[in-house]
Amino acid sequence: MASYVRQKPAGWFVVVALILVLWGVAGCASLYAHLAYGPALDPDATDWDRAYYDALPMWLNLVYGAAVLSGLLGSLALLMRSKLARPLFVVSLVAVVVQFGYVFLGTDLLDHKGAAATVPFPLFIAVVAVAQIWFASYAERRGWIS
């Protein structure tokens with residue numbers, strides 16, 4: 001039976017993991033603001049914005065919560081050098097795809113606000129989620145997490 005020895009990670013590994021933890025905390029803060037304040041947080045919110053927010057289904061908040069919480073937990077697992085990081089990041093990516101899939105395909109947000117105003121940041125979030133999975137896989141291959 002082969003034994004597995006955990007390797008000491010490169011010095012930059014902890015820096016990247018901490019940045020991802022901060023990204024996860026920012027996501028959780030964004031979820032809190034979304035739930036606690038909704039469109040009232042935006043001083044420029046229009047009647048359409050308020051109606052849009054009120055029409056969002058409750059399950060979407062749960063998916064949003066799953067996306068940010070699993071991302072934060074994955075980042076913490078990465079920092080603790082646990083192989084749970086990758087599956088948690090996968091859950092986060094799936095939730096991100098479901099969340100923004102509904103927002104873009106199940107609502108009239110694109111028609112009302114336009115792609116240029118609404119797509120870039122969700123796309124960035126999805127790219128970060130994919131990068132988290134890649135980084136956890138890379139760390140696992142290197143023996144930095146187990």
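Visitor: At what angle do α4 and α7 pack, and how far apart are their axes?
Guide: In this predicted model, helix α4 (residues 85-105) and helix α7 (residues 120-141) pack at about 165 degrees, with axes 9 Å apart. Axes are lines fitted to C-alpha atoms, for helices over the stretch in contact, and angles run from 0 to 180 degrees between N-to-C directions. Helices are DSSP runs of H or I with at least four residues, strands are runs of E with at least two, and both are numbered from the N terminus.

Visitor: Roughly parallel or antiparallel, then?
Guide: The two helices α4 and α7 are therefore roughly antiparallel, a term for angles over 145 degrees. The crossing of α4 past α7 is left-handed, that is, the near helix is turned anticlockwise from the far one by less than a right angle.

Visitor: Which residues of α4 and α7 meet?
Guide: On the α4 side they include F89, L93 and F100, and on the α7 side they include I125, A129 and I133. Contact means heavy atoms within 4.5 Å. By class, this contact of α4 with α7 has 14 nonpolar, two polar and two charged residues. Ala, Val, Leu, Ile, Met, Phe, Trp, Tyr, Cys and Pro count as nonpolar, Asp, Glu, Lys and Arg as charged, and the others, Gly among them, as polar.

Visitor: And how do α1 and α3 cross?
Guide: Their axes come within 8 Å and cross at roughly 160 degrees. That makes α1 roughly antiparallel to α3. The crossing of α1 and α3 is left-handed. Their contact has 16 nonpolar, seven polar and no charged residues.

Visitor: Changing topic: how much space lies in the largest pocket?
Guide: About 1,200 Å³. On a 1 Å grid over the protein atoms alone, a pocket is an open set of points where a 1.4 Å probe fits, with protein on both sides within 12 Å along at least five of seven lines, and lining residues have an atom within 4 Å of a point. The volume is the space filled by probe spheres set on the points, which are joined across faces, edges and corners.

Methods:
Residues numbered from 1 in each chain as written. Predicted model: local features only at pLDDT ≥ 70, side-chain atom pairs only at ≥ 80, totals over all residues. Heavy atoms only, no water. Parallel < 35°, antiparallel > 145°, perpendicular 65-115°, else oblique.
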